[in-house]
Amino acid sequence: MADNGDNRIAPVDHSSPQANSSGTRCQQSKKRQKVISSEIETRSRIQTLKPDSVPKFSSYTRSCTNSYLQREDRSRAKRRRTHCQRKWTYSAHDVSKYNDRVVIVSYNILGVENATKHPELYRGVSPKHLDWEYRKKLLCRELKGYQASILCFQAIDHFNDLNKILQKDGFRGLNKARAGESHDGCAIFWKNKLFTLLHEENIEFQKYGLHNNVAQFCVLKMNQDLVNADATSRSQCTASRSLVVGNIHVLYNPKRGDIKLGQMRMFLEKAYELSQEWGCIPVVLAGDLNSLPQSAMYQFLASSKLHIQRHDRRHISGQIFPSKYAEPQSLRKCLSRWTDDELVLATGSRDGSLRHPLELRSAYAGVAGSHKVRDKSREPLATSYHSLFLGTVDYIWHTLDLVPMKVLEALPLDRLRKIGGLPSKEWGSDHLAVACELAFADEDEKDRST
């Protein structure tokens with residue numbers, strides 16, 4: 001076929017076999033070109049897809065997606081409820097007039113070293129639930145739900161781990177570790193936006209012959225721009241809100257009541273000294289006191305005095321008889337005698353009487369609660385549970401210029417017994433946190449509470 005300069009393709013004669021073969025090959029070539037072109041176009045579309053070109057979901061797809069999201073929301077809500085099984089109980093008094101408030105949490109979080117050294121306390125606990133990485137996640141999730149202003153930890157030996165996490169939530173913290181072979185200690189954290197640290201101080205009891213436990217103090221001032229002074233008549237009172245926060249982990253040994261009292265005596269004296277030094281400011285004292293609510297130690301805190309020679313040194317904390325919360329009559333008649341050295345450790349002198357200068361109230365005692373979770377003194381029935389103990393040893397105490405607004409209830413005993421021991425799948429320590437909201441009271445309110 002002659003080339004006449006026309007670019008059009010000449011028609012193929014399908015009547016001959018040669019033409020048919022040529023036509024078939026041409027069609028196959030075109031099909032291959034279409035497939036290749038389609039693949040290139042598809043890849044191009046995938047790579048250059050724009051947001052506005054995304055196809056809309058069908059009503060069926062949208063319905064399935066919504067159902068999935070709703071199930072996820074319910075699942076997340078269930079997980080939140082798991083860590084919100086504890087309820088807040090509110091004061092029955094009129095609290096609307098109190099503006100400046102702080103939420104304080106005290107928590108023995110079970111040091112990793114303590115859990116490892118004492119397996120006899122956790123016979124029914126899964127190794128997974130004792131693992132620090134697992135417990136750390138539970139603890140942080142739980143703490144976030146309390147919306148705390150101030151956190152007081154005891155038995156903390158992984159401060160850096162918690163500090164890194166809590167910093168992201170706006171907390172700043174200080175740690176004081178024990179001396180000697182044990183490395184756990186106490187730590188205080190506070191919301192950096194709410195407070196400014198004015199002063200910090202520690203007590204190393206070992207320096208005074210009172211074992212290697214520690215206590216720590218922070219003087220915190222509520223930041224001026226966050227102080228609530230809605231009522232102009234109260235503006236001068238709310239202009240500067242400061243408080244002393246004390247945190248302690250008292251010796252465990254039930255038989256050494258002399259050391260326990262000596263540690264508490266020094267702790268209270270230092271708290272009072274700091275309160276006076278900074279202008280008679282309120283005091284909050286938190287910690288694991290390793291003493292029961294019906295003990296002589298509790299009586300000393302509540303009444304500001306104690307005749308220690310009326311009590312057996314071995315039972316000052318009441319831990320020996322946790323189920324009865326009292327000493328048998330036979331033991332009361334044959335109290336062990338106190339040596340001069342023991343009297344000096346307990347009282348700082350050879351005097352048999354002990355006093356402290358603070359007027360203290362327990363935060364829980366200031367808010368009435370149900371008999372299902374409280375004892376006769378209004379303290380929780382149990383804040384600690386392991387293989388050898390079920391009872392209350394954790395407290396928050398405050399001076400009369402602070403008023404309790406609400407407290408966090410512990411778990412009922414039947415629920416704890418059903419768990420079988422702490423820590424567990426849901427709780428990251430062998431203790432339960434104690435928590436309260438305290439409000440700054442004016443002088444007239446303080447006078448009425450005395």
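The residues that line the largest pocket of this predicted model divide into 12 nonpolar, 12 polar and seven charged, where Ala, Val, Leu, Ile, Met, Phe, Trp, Tyr, Cys and Pro count as nonpolar, Asp, Glu, Lys and Arg as charged, and the others, Gly among them, as polar. The model is a predicted one, in which local features need pLDDT of at least 70 and side-chain atom pairs count only at pLDDT 80 or more, while totals for chains, interfaces and linings use all residues. Residues are numbered from 1 along each chain as its sequence is written, and side-chain values use heavy atoms, with hydrogens and water left out.

**The largest pocket**

- The largest pocket has a volume of about 780 Å³; a pocket is an open set of points on a 1 Å grid over the protein atoms alone, where a 1.4 Å probe fits, with protein on both sides within 12 Å along at least five of seven lines.
- Grid points are joined across faces, edges and corners, and the volume is the space filled by probe spheres set on the points.
- The lining comprises 31 residues, of which N114, H118, L121, Y252 and N290 are the closest to the centre of the pocket; a lining residue has an atom within 4 Å of a point.
- Helix α3 (112-117) and strand β13 (384-386) each supply at least two residues of this lining, and the largest share, three residues, comes from α3; helices (H or I, at least four residues) and strands (E, at least two) are DSSP runs, numbered from the N terminus.

- All six of the six residues of strand β15 (residues 394-399) are buried, so the strand is largely enclosed by the rest of the structure; buried means under 20% relative accessible area, exposed over 50%, and partly exposed in between, with a 1.4 Å probe and protein chains only.
- Both faces of β15 are covered, with D394, I396 and H398 buried on one side and Y395, W397 and T399 buried on the other.
- Strand β9 (residues 283-288) runs antiparallel to β15 and is joined to it by five bridges, with A286 standing opposite I396; two strands pair if DSSP finds at least two bridges between them.
- Strand β12 (residues 360-362) also pairs with β15 in the antiparallel sense, over three bridges, and here S362 has W397 as its bridge partner.

**Strand β17 and residue E437**

- Strand β17 is mostly covered, seven of its seven residues being buried; V434, C436, L438 and F440 point one way from the strand, and A435, E437 and A439 point the other way.
- Six bridges join strand β2 (residues 101-108) to β17 in an antiparallel arrangement, in which V434 is the bridge partner of S106.
- Strand β16 (residues 402-408) pairs with β17 over five bridges, again in the antiparallel sense, and V407 has C436 as its bridge partner.
- E437 lies in β17 (residues 434-440) and counts as buried at 14% relative accessibility.
- Leaving aside residues up to four places away in sequence, E437 touches R101, V102, V103, V403, P404, M405 and K406, a contact being heavy atoms within 4.5 Å.

**Salt bridges**

- The structure holds 16 salt bridges, each defined as a side-chain nitrogen of Lys or Arg within 4 Å of a carboxyl oxygen of Asp or Glu.
- In general, side chains of opposite charge can pair when their charged atoms come close.
- The side chains of K117 and E113 meet in a salt bridge with an N to O distance of 2.9 Å; because these residues are four apart in helix α3, they are separated by about one helical turn, and K117 counts as partly exposed at 46% relative accessibility.
- K270 forms a salt bridge with E201, the closest N and O atoms being 2.7 Å apart; K270 lies in helix α7 (residues 257-277) and E201 in strand β6 (residues 195-204), so the pair ties together parts that are 69 residues apart in sequence.
- Within that pair, K270 is buried, with a relative accessible area of 16%, whereas E201 counts as partly exposed at 23%.
- D312 and R314 form a salt bridge in which the closest N and O atoms are 2.8 Å apart; D312 counts as buried at 0% relative accessibility, whereas R314 is partly exposed at 29%.
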